[in-house]
Amino acid sequence: MENATGDWIIFLDADEFFSAETAQNLKFAVARAGEFQLQGMLIYLVNIDVDAGNKILGANYVLRIFKNERDLHYVGKIHEELRIGRKNLSKVTVVPQNILTIYHTGYSASINRAKAERNLKMLLAELAETKEPERIYGYLAECYDGLGDFANAEKFAKLEIKSNRKITRPYRIILKILSNEPERLNERERFALKAVKAFPNLPEFTAELAECYAAQKNFKKAVETMTQAVKKFQNYKGVEPTTFNAEIIKFIENRIKIWAAEF
């Protein structure tokens, strides 16, 4: 970055690219950000698996366009965070996905495990020396989860939740692990309730709570809660990307009918 001479910096990894539909909006977005004296823009990034016909694996917002300012630098060996001096950028906006979208192919099945193993080594090295371990707990949980080490994935996901960083990733990892361990149903319900409290407008955590009630044979409460999840999806306008889509809603509506027949 110290060699950049432009007013703005656009950062892309080698396995990322702007979508064909939005790439032409780049200059417009930068110009608008300059008018509002912003420091950076959060861009919608979609993870796709090119080995599975470009299947969407998930999405999140990332800071990839930012003003070229003094003392600009990254912190961390991996999943770096941008800082100016010791502070995060404060004047940042979210760019609608129809204006700019980045596609990321780096989590495709053919390279996923090798990437997780590489990332884990780098993260453990950083953990041994960093003064900000909470910055990487979630990434460690993600790596261990990808490698099938669910005990360590759960351990670091819980550490990230304790650090009070408002991120959905640790809840998603823990709830996925607990959903495969029926004997821990009460713990699954407890974490689902915590996730709903932390992200009240996000539909998937409410849906997860409904699944807990159904597993407990409390079908009336399951139907009520899952219906709330559908409404949350219909009204959702949050920044955190939701994993829900029209196909999932169809599945859920069918699930509600099955549960309703039980009471």
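Predicted model: local features only at pLDDT ≥ 70, side-chain atom pairs only at ≥ 80, totals over all residues.
Helix 6 has 14 residues and reaches 20 Å from its first C-alpha to its last, which is close to the 20 Å expected at 1.5 Å a residue.

- An α-helix has 3.6 residues a turn, so residues three or four places apart point the same way.

**Glu 189, a buried charge**
- Glu 189, which has its place in helix 6, is buried yet has no salt bridge, and the nearest side chain of opposite charge, that of Lys 221, is 5.8 Å away.
- The side chain of Glu 189 is instead joined to the side chain of Gln 216 by a polar contact of 2.6 Å.
- Setting aside neighbours within four places in sequence, Glu 189 is in contact with Leu 209, Cys 212, Tyr 213 and Gln 216.

**The nonpolar cores**
- The largest nonpolar core has 48 residues, and those with the most contacts inside it are Leu 123, Leu 140, Phe 205, Met 226 and Trp 259.
- Among the elements that give two or more residues to this core are helix 2 (109-129), helix 6 (185-198) and helix 9 (246-260), while the largest share, seven residues, comes from helix 7.
- Apart from this core lies another, of 15 residues, including Met 41, Ile 65, Leu 100 and Ile 102.

Terms used. Residues numbered from 1 in each chain as written. Heavy atoms only, no water. Core = buried A, V, L, I, M, F, W, Y, C linked by side-chain atoms within 4.5 Å. Buried < 20%, exposed > 50% of the residue type's maximum accessible area, 1.4 Å probe, protein only. Helix = DSSP H or I, 4+ residues; strand = E, 2+ residues; numbered from the N terminus. Expected span 1.5 Å × (residues − 1). Lys, Arg positive; Asp, Glu negative; His and termini not counted. Salt bridge = Lys/Arg side-chain N within 4 Å of Asp/Glu carboxyl O. Polar contact = N/O pair within 3.5 Å; in protein donor to acceptor, adjacent residues only side chain to side chain. Contact = heavy atoms within 4.5 Å.
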